[in-house]
Amino acid sequence: MMSPLCRLSVLCGGIALLLYASAALAEQENRCGLVLVEEFEQRFKEKIEPYWKEHRKQDNFPGVDGMKISYMKFPPQNGVKEKGAIVISSGRTESYVKYKELVFDLTCQGYWVYIHDHRGQGYSGRMLPDEPQKGHVKRFDDYVSDLHTFVRTIVLSKSHEKLFLLGHSMGAVLQRCISNATLAFLRQLPSHPHARSSYQNIWVIEARMFVVQSNGLALLRLLGWHPSRSLQTNYLCKQ
């Protein structure tokens with residue numbers, strides 16, 4: 001039978017091992033240097049907000065029926081080798097200003113980031129000018145067409161090593177809708193710098209709004225992270 005002193009030694013050793021494992025796990029989980037919850041407020045004031053104001057490039061392009069679609073693009077941060085481009089498609093009612101922290105984290109990893117506001121929300125034009133706070137779209141396909149135009153005319157106007165489509169909620173549905181069309185567009189341009197072999201696959205990362213038609217009603221269910229090609233966050237850090 002173990003003596004009290006021996007039991008105490010084993011207990012202390014177990015606690016020390018647990019603390020060491022926890023510290024090692026925490027370091028491993030944040031090996032990409034992402035903004036942590038406990039440091040968010042300070043880093044937002046000192047790093048994220050200044051980066052957003054200094055490096056954002058804001059513009060707009062004509063969407064379906066000439067609707068003004070506002071967008072922003074951000075280069076990789078200084079000294080970081082470019083790894084590719086990430087196109088963010090936001091959710092219903094959202095604006096790109098909601099994504100400051102994510103944009104900062106992704107540009108820290110070496111990615112160009114492109115993000116636009118869907119028609120009827122954020123800084124883009126409104127279908128109901130007399131009711132600017134009310135989101136409205138004539139056809140859901142207009143969202144898809146606007147996003148495809150954004151990728152085709154803005155994102156692909158610059159040469160990038162790889163292309164990633166990152167969608168949240170409704171934006172994930174739109175990303176899935178345009179992924180094959182974007183790939184088909186690239187394959188039609190053999191002389192285009194993006195038509196090389198690295199673009200034979202376009203990665204889609206989703207937090208999807210799943211739509212099911214039942215008796216004419218759309219039942220919306222928010223799913224968790226659903227990488228269409230088993231893509232994990234660590235992949236973006238390692239590339």
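This report describes a helix-helix contact, a residue of a strand, and the aromatic pairs of a predicted model.

**Helices α2 and α3**

Helix α2, which spans residues 40-55, and helix α3, which spans residues 100-108, have axes that come within 10 Å and cross at roughly 75°. Since angles of 65 to 115 degrees count as roughly perpendicular, the two helices α2 and α3 are therefore described as roughly perpendicular to each other. On the α2 side, the contact is made by F40, R43, F44, K47, I48, E49, Y51 and W52, and these meet K100, E101, V103, F104 and T107 of α3.

**Aromatic pairs**

In the model, the count of aromatic pairs comes to 11, and two of them are set out below with the geometry of their rings. A pair of aromatic rings is described by the distance of the centres and the angle of the planes.

| Pair | Centre to centre | Angle between planes | Class |
|---|---|---|---|
| F40 and F44 | 5.4 Å | 45° | tilted |
| Y71 and F150 | 5.4 Å | 50° | tilted |

F40 and F44 both belong to helix α2, where they stand four residues apart, or about one turn of the helix. F40 is partly exposed, its relative accessible area being 32%, and F44 is likewise partly exposed, with a relative accessible area of 25%. For the second pair, the ring centres of Y71 and F150 are 5.4 Å apart and the planes lie at 50°, so this pair too is tilted. Y71 is found in strand β2 (residues 68-74) and F150 in helix α4 (residues 140-154), so the pair ties together parts that are 79 residues apart in sequence. Both Y71 and F150 are buried, whereas F40 and F44 are partly exposed.

Ring pairs also link Y51, W52, F74 and F104 into a cluster.

**Residue S89 in strand β3**

Where does S89 lie, and is S89 buried or exposed? S89 is placed in strand β3, which covers residues 84-89, and S89 is buried, because its relative accessible area is 1% and buried means under 20%. When residues up to four places away in sequence are not counted, S89 touches H118, L147, L166, G167, H168, G171, A172, L174 and Q175.

Notes. Residues numbered from 1 in each chain as written. Predicted model: local features only at pLDDT ≥ 70, side-chain atom pairs only at ≥ 80, totals over all residues. Heavy atoms only, no water. Axes fitted to C-alpha atoms, helices over the stretch in contact; angles between N-to-C directions. Parallel < 35°, antiparallel > 145°, perpendicular 65-115°, else oblique. Contact = heavy atoms within 4.5 Å. Buried < 20%, exposed > 50% of the residue type's maximum accessible area, 1.4 Å probe, protein only. Phe/Tyr/Trp six-rings, centres within 6.5 Å; stacked < 30°, edge-to-face > 60°.
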